[in-house]
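Subject: Structure handover

Hi there,

Here is the structure I promised to pass on. Please have a look at it first, and then read my notes below.

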Amino acid sequence: MELVLIQILNGLQYGLLIFLAASGLTLVFGILGIINLSHGSFYMLGAYLSLTLTSWFGDIFLALAAGIPIAFAFGAAIEWLFIRHLYNRDHLQQVLLTFGLILVFNELQRILWGTQPHSVPIPAYLSASIQLSDTLSYPVYRLAVGAICILLALAMMLVIQKTRIGQMIRAGESNREMVEALGIDTRILFRFVFAAGVALAAAAGIVAAPIESVYPGIGERVLIISFVVVVIGGIGSIKGALVGALLIGLADAFGKVFLPQLASVVVYALMAAVLVTRPAGLFGRA
Amino acid sequence: MTVTSRGVSRRRLLQLAGAGAAVSALPLARPAIAQAKPVKVGVLLPYTGTYAPLGEAITRAMELYVKQKGGSLAGRQITFVKLDDESAPPKGPELTTKLVQGEKVDILTGTVHSGVALAMSKIAREEGIPTIIPNAGANDLTRTLCARNIFRTSFANGQVGLATGTAMAEAGIKRVVTCTWKYAAGVEFVEGFADNFKKAGGQVLKNIEVPFPNVEFQSALAEIASIKPDAVYAFYAGGGAVKFVKDYAAARLGASIPLWGPGFLTDGIESAVGKEGDGVKTVLHYADDVDNAENKAFRKAFQDAYKAAPDVYAVQGWDAMQLLEIGLTAAGGDAAKRDALNAAMSKASFNSPRGPFRLSAANNPVQNFYLRELKDGKNQLIRTTATAFSDPGTGCKLSA
């Protein structure tokens with residue numbers, strides 16, 4: 001019983017982390033229609049920003065505050081340089097270009113930061129642990145990360161549902177020509193959405209860095225699981241991404257303990273089951 | 001068509017060609033001038049990707065050894081032909097062929113990744129080219145796939161596991177949970193460990209396998225906490241090792257359930273885990289503070305040359321060149337005398353920075369193993385747990 005409760009906690013916490021990483025992907029995929037394979041690289045960018053900025057400022061939250069604008073600007077630049085040429089092209093060309101970006105980013109990472117694994121310090125005021133059982137403790141920082149993920153999820157839903165820019169994003173998603181006819185510059189709008197997606201992925205990388213450790217190729221794992229989240233939750237749905245990510249987190253935590261032989265396929269089996277019953281995802285529009 | 005234009009049958013032509021090849025292969029037929037040509041050493045190592053630091057350490061040590069000997073071994077100048085294998089097994093055959101047939105190297109060395117090394121050794125067996133493996137630990141390389149011309153200066157995964165199993169049993173540990181990635185090397189490290197640990201009366205309560213390269217370990221830690229073993233034996237490497245050691249410390253498990261593993265759990269990540277790695281015990285065929293003259297000289301030379309401390313991978317590269325020097329000397333500096341070269345290398349015995357080094361009948365190192373404890377960012381030597389410890393070489397048909 002104790003093990004079950006601990007696994008629920010583990011699953012929710014892991015799920016919230018994947019949600020943060022995947023939310024940017026579902027925005028970009030759902031609204032811009034871009035299959036962005038380099039999404040994991042932006043997560044990696046966040047992790048390495050966390051490493052450098054935390055060593056400069058001495059605190060992970062200052063690194064988060066400084067890292068998000070940097071990642072946003074970086075995302076806007078990448079959109080202007082590459083992504084905007086892809087909106088009217090087919091998926092194959094999008095996949096080729098964004099895959100090329102992965103190779104470039106990996107090489108840049110190697111040149112700038114080297115190949116040794118690093119770790120990012122947890123701030124002293126969050127470094128305590130909570131005693132869960134007589135042998136196991138739970139780090140407070142993991143709970144803090146969960147809280148940050150929930151806050152960001154609420155903020156995103158608020159922006160998209162309640163603000164003017166959110167209204168424009170939703171309109172741009174459903175009918176691009178109509179929005180343009182109404183005098184809204186979709187080029188700027190799309191650049192904003194892409195940059196926001198990059199900033200979200202980087203934010204996930206920044207807060208996860210102290211528990212993940214920072215090493216080359218850290219983004220590739222995140223990329224695959226993010227696509228699974230988007231497929232389960234429904235393309236473009238933030239709410240779907242949240243539910244999908246939590247389901248995956250729980251499936252992964254329980255799969256590893258109760259079905260160890262199938263641990264690596266549990267998540268994909270879940271995805272297959274969702275695809276069979278609800279092809280558009282849990283919250284997607286068919 | 002069975003007859004050529006000059007009326008020589010195809011069979012006759014083949015016989016002539018065969019005779020010609022046989023004559024040219026005779027050492028006596030070689031002109032003396034060939035002796036002056038440098039010996040070409042093909043180096044297949046990862047210079048990009050996760051294993052790049054390992055490839056670099058091995059290369060540096062090999063080059064340093066040859067440089068210390070004035071650029072030549074056994075009176076023959078040595079030239080290195082280096083290729084990056086990217087630790088990508090599909091590239092193994094192509095790159096090996098490029099070295100052997102394109103570059104016509106005399107000696108082959110490499111590599112780090114076992115998958116690439118298996119592909120490489122297949123070609124090396126077919127070509128009969130003397131080959132030295134300075135890292136890859138796949139058991140089969142010196143078990144079922146062993147060969148007269150294939151040598152290893154590192155370890156077999158199972159060998160490290162066996163040595164760790166004995167050391168843990170000797171430390172009075174009875175009940176253990178093992179924990180690894182579910183892939184070839186992880187399985188071999190755990191199997192070797194379990195063999196010797198059970199023989200010594202120990203009990204493996206559970207083997208937790210995490211899909212490779214998944215690094216979400218909270219579920220595994222919760223399970224360990226509920227089973228409450230005497231100790232945990234874990235194998236991870238690189239970024240995964242950093243995360244496992246740190247998560248283990250953050251869960252405060254270390255106080256009641258000590259963490260053990262093969263040396264690769266902590267090698268190269270000492271600074272990344274910092275204080276959280278304190279107390280992790282590992283067993284390996286090398287420790288920085290092994291007390292012998294060779295190790296002191298080696299560490300000083302490496303530090304002076306590269307302004308960086310050498311690691312176990314550098315030691316393996318260094319010994320690859322020690323081994324080659326012995327082989328070349330026995331062959332009178334002629335790398336074409338493969339039988340003499342192979343025979344001398346398989347019988348080689350020398351002092352390595354890791355302690356006395358010789359090869360088993362399967363050409364895998366017979367070497368000491370050391371218990372180390374991670375403390376203040378250093379793997380500190382506690383004691384020698386085994387001397388002249390050999391891998392069983394199960395399935396190898398070579399005899400000494």
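Helices (H or I, at least four residues) and strands (E, at least two) are taken as DSSP runs and numbered from the N terminus. This is a predicted model, in which local features need pLDDT of at least 70 and side-chain atom pairs count only at pLDDT 80 or more, while totals for chains, interfaces and linings use all residues. Residues are numbered from 1 along each chain as its sequence is written, and chains are lettered from A and ligands numbered from 1 in the order in which they are written.

Chain A

Reading along the sequence, you will find the pattern α-α-α-α-β-β-α-α-α-α-α-α-α in chain A, that is, 11 helices and 2 strands. The C-alpha trace of chain A spans about 65 × 50 × 35 Å along its principal axes. Its radius of gyration (over C-alpha atoms; the globule rule is 2.2 Å times the number of residues to the power 0.38) is 19 Å, which agrees with the value near 19 Å for a compact globule of 286 residues.

Of those 286 residues, 48% are buried. Here buried means 20 or more other C-beta atoms within 10 Å of the residue's own, exposed means 12 or fewer, and partly exposed lies in between, with C-beta atoms placed from the backbone. Two residues are in contact if their C-beta atoms, placed the same way, lie within 7 Å. Among contacts in chain A between residues at least 6 apart in sequence, 74% join residues at least 24 apart.

One residue to look at is Ile35(A), in the loop between helix 1 (2-32) and helix 2 (39-57) of chain A. Ile35(A) is partly exposed, because it has 19 other C-beta atoms within 10 Å. Not counting residues up to four places away in sequence, Ile35(A) touches Phe29(A), His91(A), Gln94(A), Val95(A) and Thr98(A). Its C-alpha atom is separated by 9.5 Å from that of Gln93(A), 58 residues apart along the chain.

Where the chains meet

Chain B brings 33 residues into contact with 32 residues of chain A. Helix 7 of chain B gives the most to the chain B side, with 8 residues. By class, that side has 17 nonpolar, 9 polar and 7 charged residues (Ala, Val, Leu, Ile, Met, Phe, Trp, Tyr, Cys and Pro count as nonpolar, Asp, Glu, Lys and Arg as charged, and the others, Gly among them, as polar).

Chain B and the cores

Chain B is divided into domain 1 (36-155 + 290-359) and domain 2 (158-284), with bounds from an automatic or database domain assignment. Their centres, taken over C-alpha atoms, are separated by 30 Å. The contact between them takes 9 residues from domain 1 and 11 residues from domain 2.

A nonpolar core is a set of buried Ala, Val, Leu, Ile, Met, Phe, Trp, Tyr and Cys residues joined through C-beta atoms within 7 Å. The largest has 124 residues, and those with the most contacts inside it are Ala61(B), Leu221(B), Val232(B) and Ala234(B). Both domains of chain B give residues to this core, so it lies between them. Leaving aside neighbours within four places in sequence, Leu221(B) is in contact with residues including Leu136(A) and Tyr248(B).

Enjoy exploring!
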